[in-house]
Amino acid sequence: MSRGNEDEYDPQAAFALLDHSLRIEILLALLEHWRAAHTEPQRYSDLMGAGGMEDSGKFNYHLKQLRGVYLRKTEAGYVPTASATALYRAVVATRPTEESTPTVDDPGITCPDCDTALTATHERGFYSLDCPGCEQFSGSFTYPFPKNGLDGRDGPAVLDTVSRRGRAEIGLARTGQCPDCAGSTTVQPDSAEGTVTISCNSCSWLVEVGFLLPLLSDARVTGVLTEIGVGVDRSYYWELPDPTVTVVSTDPERIELDIESTRGTATITVTGDLDVLSVSVEA
């Protein structure tokens with residue numbers, strides 16, 4: 001997977017700037033007053049006091065190291081940059097610790113193959129569903145989910161949150177924007193396997209799903225699926241029907257998806273990038 005021109009940005013240098021406790025204190029003092037576009041700049045004396053620093057020479061040195069990348073000086077004082085706020089949000093979301101113990105919960109649903117109660121596990125930032133009764137379902141649903149999302153939610157609520165979050169993010173990624181870094185994405189359909197891989201061209205975001213889930217962000221698709229009786233509003237990934245996939249053209253690439261139900265057949269025609277060209281229903 002291409003990650004762009006590595007010469008344009010050096011992550012190692014950016015992380016190295018934070019290799020001092022005083023610089024962390026300065027950033028935390030700025031972020032404590034963060035109010036997005038309405039953030040009030042912090043004065044030099046306030047930041048120096050927050051860091052408990054009395055030596056202005058040393059303080060100036062560390063402040064200078066942060067300028068440009070993590071903070072910006074204005075006429076009224078200092079404000080955090082977008083990089084500082086993004087890093088802070090990532091830390092709050094993932095809550096990194098020295099040891100991460102897997103969290104196991106009851107999602108409140110059963111396996112669609114053997115009707116055994118499924119088990120939900122959150123480990124290394126991924127939410128996974130497994131069936132202890134059979135191997136059919138095991139590993140078929142795994143999605144990145146911040147640890148912060150577990151707070152204040154029971155098992156079924158976590159599952160619902162992961163499902164809705166995944167649908168929104170995958171729909172955005174299909175249209176060309178990474179939900180993590182806003183970089184461009186690449187869509188790679190595999191008609192033989194009936195799967196689609198969407199990956200970011202800049203960061204590590206990647207997902208492999210069936211054809212229908214990414215298309216649910218298109219109102220035309222949800223419309224025809226609803227018309228033939230396919231519940232798409234709150235359906236989980238594995239509850240969506242598997243369409244019949246037909247490659248009708250290779251240059252340009254055109255793929256036809258047929259979804260059958262007792263109320264008719266919906267046909268969705270897409271490009272190789274999963275752009276929706278047309279939808280139709282045959283009663």
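Which residues do ring pairs link into a cluster? The cluster consists of Tyr-127, Phe-141, Tyr-236 and Trp-238. The points below set out this and other features.

1. Basis of the model. The model is predicted: local features need pLDDT of at least 70 and side-chain atom pairs count only at pLDDT 80 or more, whereas totals for chains, interfaces and linings use all residues. Residues are numbered from 1 along each chain as its sequence is written, and side-chain values use heavy atoms, with hydrogens and water left out.

2. Overall form. Along the principal axes, the C-alpha atoms fill a box of roughly 75 × 45 × 30 Å.

3. Burial and surface. Of the 283 residues, 38% are buried (buried is under 20% relative accessible area, exposed over 50%, partly exposed in between; 1.4 Å probe, protein chains only). The accessible surface comes to about 16,200 Å², and carbon and sulfur atoms hold 46% of that area; the areas come from the Shrake-Rupley method with a 1.4 Å probe, and for residues only the protein chains shown count as cover.

4. Contacts and charge. Among contacts between residues at least 6 apart in sequence, 44% join residues at least 24 apart, a contact being heavy atoms within 4.5 Å. There are 22 positive and 42 negative side chains, and the centres of the two sets are 12 Å apart. Lys and Arg count as positive and Asp and Glu as negative, with His and the chain ends not counted; the charge is placed at NZ of Lys, CZ of Arg, CG of Asp or CD of Glu.

5. Aromatic pairs. The structure holds four aromatic pairs. Rings of Phe, Tyr and Trp (its six-membered ring) pair if their centres lie within 6.5 Å; planes under 30 degrees apart are stacked, over 60 edge-to-face and the rest tilted. Tyr-44 and Phe-59 form an edge-to-face pair, because their ring centres are 5.2 Å apart and their planes stand at 90 degrees. Since Tyr-44 belongs to helix H3 (residues 44-50) and Phe-59 to helix H4 (residues 56-66), this pair ties together parts that are 15 residues apart in sequence. Tyr-44 is partly exposed at 29% relative accessibility, whereas Phe-59 is buried at 0%. The pair of Tyr-236 and Trp-238 is stacked, because the centres are 5.0 Å apart and the planes are at 20 degrees. Tyr-236 is buried, with a relative accessible area of 15%.

6. Val-245. This residue is found in strand E10 (residues 244-250) and is partly exposed at 22% relative accessibility. Beyond its neighbours within four places in sequence, Val-245 contacts Ser-191, Phe-211, Ile-255, Glu-256 and Leu-257. Val-158, 87 residues away in sequence, is 32 Å from Val-245, C-alpha to C-alpha.

7. Pro-96 is in the loop between helix H5 (82-94) and strand E3 (103-105) and is exposed, with a relative accessible area of 59%. Its C-alpha atom is separated by 9.6 Å from that of Gly-125, 29 residues apart along the chain. Thr-161 lies in helix H6 (residues 155-174) and is buried at 13% relative accessibility. Neighbours within four places in sequence aside, Thr-161 is in contact with Phe-145 and Arg-153.

Technical notes. Helices (H or I, at least four residues) and strands (E, at least two) are DSSP runs, numbered from the N terminus.
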